[in-house]
Amino acid sequence: MSENIRILRNTNSIINYDYLMVILLFIGIIVLQGCASAPKNSNQDLDPADPHEKINRASYDITDKVDRTVFVPIVNAYIDYVPNAAQRSIGNFYDNLSYPNVALNSFLQGKVTQGASDTLRFFVNSTVGMFGLFDMATHMGLQKHDEDFGQTLGVWGVNPGSYLFIPLVGPSSERDVTNIPVGIFTNVLFYAGLVVGSYFAAPLTILGAIDKRARLIGPMRIRDEAAIDPYLFVREASLQQREFLVHDGKLPLDLYDFEHFQDNPFDKDGKKQK
């Protein structure tokens, strides 16, 4: 009986820990949907790709302040004091933990051969690669892919909808935000936490966040040095990257007929030149 109580306690703590952000996320979506229902003539200058820009900018500013105050000093120390080889192994480890999501969505997109290769890649790195610390699959010719549920919906014709900036998570869209719960359920760390407990999963989750932020150190510096408006820089870069991933790099010729690719995002008047 005591063992069952312990398992239930660990399960509840992990669920509460992992789903707090998801709950907040969907509350935010409900709020955004409410904003979207406002009369269209209330603001004629709204960008059709980003009708919630005011809220998104607030979310971006909060995230940026937390990042600069909390993450940047930690990440700088991580980069300075952790050897490059160790950083690569840590990155490989977290990539492998989340790789079942890639394999699943390869199959969901109808890429059966790629899905089989991704499944084998996960198995090889989890065994021969010592839980993913070493990327042995690449040396065996098993290519690494980048797939998620948002891309799967895009492949099957689902429109990305409005741009969203999720606090403490980053750029997304009404379509791509669906990958957050799918990514949790397909991550090995989630199930390891259910079995072992939050005291095991929490430190690994924090280290994973540091590793992820460390990989973005280069793009973040480019943003800070080159962008006139960092928010617009991140928005346009993320929108274009998502289209690139959905089409596997083979962008259709009519993609650039879309308005948000034609207009200058830095033109505050939002008026086309005639």
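**First stop: one turn of a helix**

Select Arg 215 and Asp 211: both sit in helix H10, 4 residues apart, or about one turn of the helix. Helices here are DSSP runs of H or I with at least four residues, strands are runs of E with at least two, and both are numbered from the N terminus. Show the two side chains and you'll see them meet in a salt bridge, 2.8 Å from N to O. That term means a side-chain nitrogen of Lys or Arg within 4 Å of a carboxyl oxygen of Asp or Glu. Arg 215 is partly exposed at 42% relative accessibility, while Asp 211 is buried at 5%. (Buried is under 20% relative accessible area, exposed is over 50% and partly exposed is in between, using a 1.4 Å probe and protein chains only.)

Before moving on, some ground rules. What you have open is a predicted model, where local features need pLDDT of at least 70 and side-chain atom pairs count only at pLDDT 80 or more, while totals for chains, interfaces and linings use all residues. Residues are numbered from 1 along each chain as its sequence is written, and side-chain values use heavy atoms, with hydrogens and water left out.

**Second stop: colour by confidence**

Colour the chain by pLDDT, the predictor's confidence in each residue, from 0 to 100. The chain's mean is 83, and 76% of its residues reach 70 or more. Now select residues 1-42: here the pLDDT is below 50, and the stretch has 37 contacts in the model beyond near neighbours in sequence. (A contact means heavy atoms within 4.5 Å.) Residues 270-274 also stay under 50, and the model gives them 2 contacts beyond four places in sequence. Where pLDDT is low, the predicted coordinates should not be read in detail.

How many salt bridges does a search of the whole structure find? It finds 20. Pick out Arg 57 and Asp 229, whose closest N and O atoms are 2.8 Å apart. Arg 57 is in helix H2 and Asp 229 is in the loop between helix H11 (217-226) and helix H12 (230-246), so this pair ties together parts 172 residues apart in sequence. Arg 57 is partly exposed at 26%, whereas Asp 229 is buried at 12%.

Next, select Asp 248 and Lys 111, whose side chains meet in a salt bridge of 2.7 Å, N to O. Asp 248 is in the loop between H12 and helix H13 (259-262) and Lys 111 is in the loop between H4 and H5, so parts 137 residues apart in sequence are tied together. Buried or partly exposed: which is Asp 248? With a relative accessible area of 43%, Asp 248 is partly exposed, but Lys 111 counts as buried at 18%.

Follow the chain into helix H5, residues 112-127. Its 16 residues should span 22 Å at 1.5 Å a residue, and its end C-alpha atoms are 23 Å apart, which agrees. (The expected span is 1.5 Å times one less than the number of residues.) Its buried residues include Gln 114, Asp 118 and Arg 121. Show helix H3 (84-97), helix H4 (99-108) and helix H6 (136-139) too, as they are among what covers those buried residues.

Now click Thr 119, which is found in helix H5. Thr 119 is partly exposed, at 38%. Not counting residues up to four places away in sequence, Thr 119 touches Ala 103 and Phe 107.

**Fifth stop: the nonpolar core**

A nonpolar core is a set of buried Ala, Val, Leu, Ile, Met, Phe, Trp, Tyr and Cys residues joined through side-chain atoms within 4.5 Å. The largest one has 12 residues in all, including Val 75, Phe 93, Leu 204 and Ile 217. Helix H2 (53-81), H3 and helix H10 (198-215) each supply at least two residues of this core. Leaving aside neighbours within four places in sequence, Ile 217 is in contact with Val 75, Asn 76 and Ile 79.

**Last stop: aromatic rings**

Rings of Phe, Tyr and Trp (its six-membered ring) pair if their centres lie within 6.5 Å; planes under 30 degrees apart count as stacked, over 60 as edge-to-face and the rest as tilted. The structure holds 6 aromatic pairs. Zoom in on Phe 93 and Tyr 94, an edge-to-face pair with 5.2 Å centre to centre and 80° between the planes.
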